[in-house]
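Take a look at the protein below. This report walks through a few of its parts, one at a time.

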Amino acid sequence: MTEPLCLTDLHETPPGLRRLAHGYATSGTWRRLLVRVFLVGRDVAANLPRDLIRAARPARAALVRREDGVRPAAGAKRIALYVHYSPGGQVSEMVRRQLSLLSGSGFSIVFISMAARIPEDDWQAVRQLCALVVQRENFGRDFGAWHDLMPEVISRWAEPDELMLVNDSVLGPITALEPVIETMRAGGNGLFGLTESLQGGPHLQSYMLLARGRAAAGDLIGFLTAMPISHSKWLLIQMGEIKLARWMRARGHRVAAVFGYDRLVRAAAADPAERRRLAASYHRLKGFADLPDEQAAALLRLWPLNPTHHMWHLLATRFGGPFLKTELIMRNPGRLPGVAEWSAVVPADAPCPLPVLQAHLETMRGG
């Protein structure tokens, strides 16, 4: 039985030091935790000097190429900023289908690619679906791209009623996307996302976010405009994804997720197969499969997991989640069990069927 779509307000409880440390340990062992801490430290240490050098230089344009799409949408009130990257610059059929679905939900799309070179045929194909197509320097990841496009958004669409932030870090949709967007719209005004994570503090995972209402959209624009951009992935996550929900809530906006963490926890605790899957994914969940439901749920709150990785199967099968994380499928960094069988959760009638997803993965491997 598929769970109904509904919004759940984010947790407000700070994570505390133990849960902050746990956020780095969910890959499995303490040895791997130490490796993770070392890699984060190296990332920050290596990139801070680059950030200081960049800040000291005169401002230079990060936008390499820009061109209006065939749908310039003057006066549009629903704007989506879509960030793209592939090693060879190809814009896959999966990405084009995502753009088409967003357009069908009423969004005028700003397409931002951080590929070094984009085939001209792909550039022109994207223009057919978008209001604006931009090629941008590959720096600052998705939050950097959104930051750099804020002046363009303000000049073209000064007061949008909806502002969506989305990137191509997910495979899909494998189920209908429109009901998910309509669920977010049904929440009134505020900031809405698909999945809630408690790691590092309650936040919305940033692969698809929607600010509704002029006040919320305006505050999101203000956040992105003022946000410092770094070469460091870890710093960007802290200053962007994790900080954003707290920042928006402090301004009085509702912040909620379609797939709230507590809903996932309750469903996982009630499903023996999912219990076994989770017990095998993380060393702190030994014996998890045999606990009473409430104790099992409490353990998942005490040691929160990454829902798009550890609960990918639950999201896809029990909740009808529309996306799978590309990183999980390609790299499986946490070495989670069962990921190799991901194709089994893709329905035959998926909006992006299995061959389309597999072709996209080939473009991400440089194929």
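## Terms and overview

Helices are DSSP runs of H or I with at least four residues, and they are numbered from the N terminus. Keep that numbering in mind for every helix named below.

This is a predicted model. The protein chain has 15 helices and 12 strands. It holds 367 residues, and 54% of them count as buried.

## A loop residue: alanine 340

Alanine 340 sits in the loop between α14 (326-330) and α15 (354-364). Is alanine 340 buried or exposed? Its relative accessible area is 66%, so alanine 340 is exposed, since the cut-off for exposed is over 50%.

Isoleucine 329 lies 11 residues away from alanine 340 along the chain. The C-alpha atoms of the two are separated by 7.3 Å.

## A helix residue: histidine 360

Move on to α15. Histidine 360 is found in this helix. Its relative accessibility is 1%, so histidine 360 counts as buried. The cut-off for buried is under 20%.

Which residues does histidine 360 touch, not counting those up to four places away in sequence? They are Ser92, Met94, Val95, Asp168 and Leu171.

## Helices α5 and α7

Helix α5 covers residues 141-156. The axes of α5 and α7 come within 8 Å and cross at roughly 120°. The two helices are therefore oblique to each other. The crossing of α5 past α7 is left-handed.

Which residues make this contact? On the α5 side they are Phe143, Trp146, His147, Met150, Val153 and Ile154. On the α7 side they are Ile221, Phe223, Leu224 and Thr225. Sorted by class, the contact of α5 with α7 has eight nonpolar residues, two polar ones and no charged ones.

## Helices α7 and α8

Helix α7 spans residues 214-226, and helix α8 spans residues 233-250. Their axes come within 11 Å. They cross at roughly 140°, so α7 and α8 are oblique to each other. Here α7 passes α8 in a right-handed crossing.

From α7, the residues in contact are Ala216, Asp219, Leu220, Gly222 and Phe223. They meet Met239, Gly240, Lys243, Leu244, Trp247 and Met248 in α8. By class, the contact of α7 with α8 has seven nonpolar, two polar and two charged residues. Phe223 of α7 takes part in the contact with α8, and Phe223 is also listed in the contact with α5.

## An enclosed helix: α9

Helix α9 runs over residues 261-269. How many of its nine residues are buried? Eight are, so α9 is largely enclosed by the rest of the structure.

The buried residues include Tyr261, Asp262, Arg263 and Leu264. Val265, Ala267, Ala268 and Ala269 are buried in α9 too.

## Cysteines

A disulfide is a covalent bond between the sulfur atoms of two cysteines. How many disulfides does this structure hold? The count is zero.

Cysteine 6 has 30% relative accessibility, so cysteine 6 counts as partly exposed. Cysteine 352 has 0% relative accessibility, so cysteine 352 counts as buried.

Note on methods
Residues numbered from 1 in each chain as written. Predicted model: local features only at pLDDT ≥ 70, side-chain atom pairs only at ≥ 80, totals over all residues. Heavy atoms only, no water. Axes fitted to C-alpha atoms, helices over the stretch in contact; angles between N-to-C directions. Parallel < 35°, antiparallel > 145°, perpendicular 65-115°, else oblique. Left-handed = near helix turned anticlockwise from the far one by under 90°. Contact = heavy atoms within 4.5 Å. Nonpolar A, V, L, I, M, F, W, Y, C, P; charged D, E, K, R; others polar. Disulfide = S-S within 2.5 Å. Buried < 20%, exposed > 50% of the residue type's maximum accessible area, 1.4 Å probe, protein only.
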